[in-house]
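Let's take a friendly walk through a protein model. Have the sequence and the 3D view ready, and follow along one stop at a time.

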Amino acid sequence: MDKERELQSEVIRQRYNRTAKFYDLMDKMIPESIRRAAIGQATGNVLEVGVGTGKNLPFYREGCIVTGIDFSPGMLAKARQKVQKVKVPVTLLEMDAQHMSFPDNSFDTVVATCVFCSVPHPIQGLQEVRRVCKPSGAIVLLEHVRSENPLLGWVMDLFNPISLYLIGSNINRRTVENVRAAGISVHQVDNVGGNMVKLIVAGP
Ligand SMILES: C[S@@+](CC[C@H](N)C(=O)[O-])C[C@H]1O[C@@H](n2cnc3c(N)ncnc32)[C@H](O)[C@@H]1O
């Protein structure tokens, strides 16, 4: 990664270290039932990118072996507190999604929820998702995106710097387009929260 990208990533990493202190109290955007439906699609050797405070960990089905990565030690510390209480084996690693240390074709399922709004260079991160997913594997993404309504989209663009500064998250990302730009084959996109929260089921 070049110096400028490294600096941008460091800024967002620090923001999430700060956000970690209140994330579980603040984050009510994705109802539990929607998280459960997304995570229920994971099977086998699973990578959760941007595992955050571990909100999805209770929803993995038995048989999954989960590796969760995040570049924020603050978020990971909160996730570690939850690991003992879940029914599947979980390994948590500090790692940047934009350059993962896993070999190609490592995972049966790659999952991310509300992550590619924050990854500083989302297409680079999504290319890594594609690389580490087995050719027969599944990619399951639950992401909030910029509204397709032009006025609302404009408002989201206007307020994006505030969200980016306070939390570390962009509210106006075009993540479905980014997924395609990364070369990932999109199988299905469902609106699960108006048209601004998408469940994207894809394959490498
Ligand atoms: C909005 S939080 C979502 C956390 C969790 N997935 C959830 O659904 O509650 C975004 C997470 O992505 C992580 N993240 C952002 N960019 C990342 C990157 N380049 N590599 C690894 N983690 C990243 C942040 O540290 C943060 O924990």
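## Salt bridges

A salt bridge is a side-chain nitrogen of Lys or Arg within 4 Å of a carboxyl oxygen of Asp or Glu. By this rule, the count here is ten salt bridges. One of them joins the side chains of Glu94 and Arg13, at 3.1 Å from N to O. This pair links distant parts of the chain: Glu94 sits in strand S3 (residues 90-94) and Arg13 in helix H1 (residues 3-19), 81 residues apart. Helices (H or I, at least four residues) and strands (E, at least two) are DSSP runs, numbered from the N terminus. Glu10 joins Arg13 and Glu94 in a network of salt bridges.

Before going on, a word about the model. It is predicted, so local features need pLDDT of at least 70 and side-chain atom pairs count only at pLDDT 80 or more, while totals for chains, interfaces and linings use all residues. Residues are numbered from 1 along each chain as its sequence is written, and side-chain values use heavy atoms, leaving out hydrogens and water.

Now look at Arg146 and Asp157, whose side chains meet in a salt bridge of 2.8 Å, N to O. Arg146 lies in the loop between S5 and H6 and Asp157 in helix H6, so this bridge ties together parts that are eleven residues apart in sequence. Arg146 is buried, at 15% relative accessible area, whereas Asp157 is partly exposed at 31%. Here, buried means under 20% relative accessible area, exposed over 50%, and partly exposed in between (1.4 Å probe, protein chains only).

Is Thr109 buried or exposed? With 0% relative accessibility, Thr109 is buried. Thr109 belongs to strand S4 (residues 107-113), and its contacts (heavy atoms within 4.5 Å) include Ala42, Leu47 and Ala138, leaving aside residues up to four places away in sequence.

Ala138 is part of strand S5 (residues 133-144) and is partly exposed, at 23% relative accessibility. Ala138 and Ala202 are 64 residues apart in sequence, yet their C-alpha atoms are 6.0 Å apart in space.

## An aromatic pair

Rings of Phe, Tyr and Trp (its six-membered ring) pair if their centres lie within 6.5 Å; planes under 30 degrees apart count as stacked, over 60 as edge-to-face and the rest as tilted. This gives one aromatic pair. The rings of Phe102 and Phe107 have centres 5.0 Å apart and planes at 85 degrees, so they are edge-to-face. Phe102 is buried at 13%, and Phe107 is buried at 4%.
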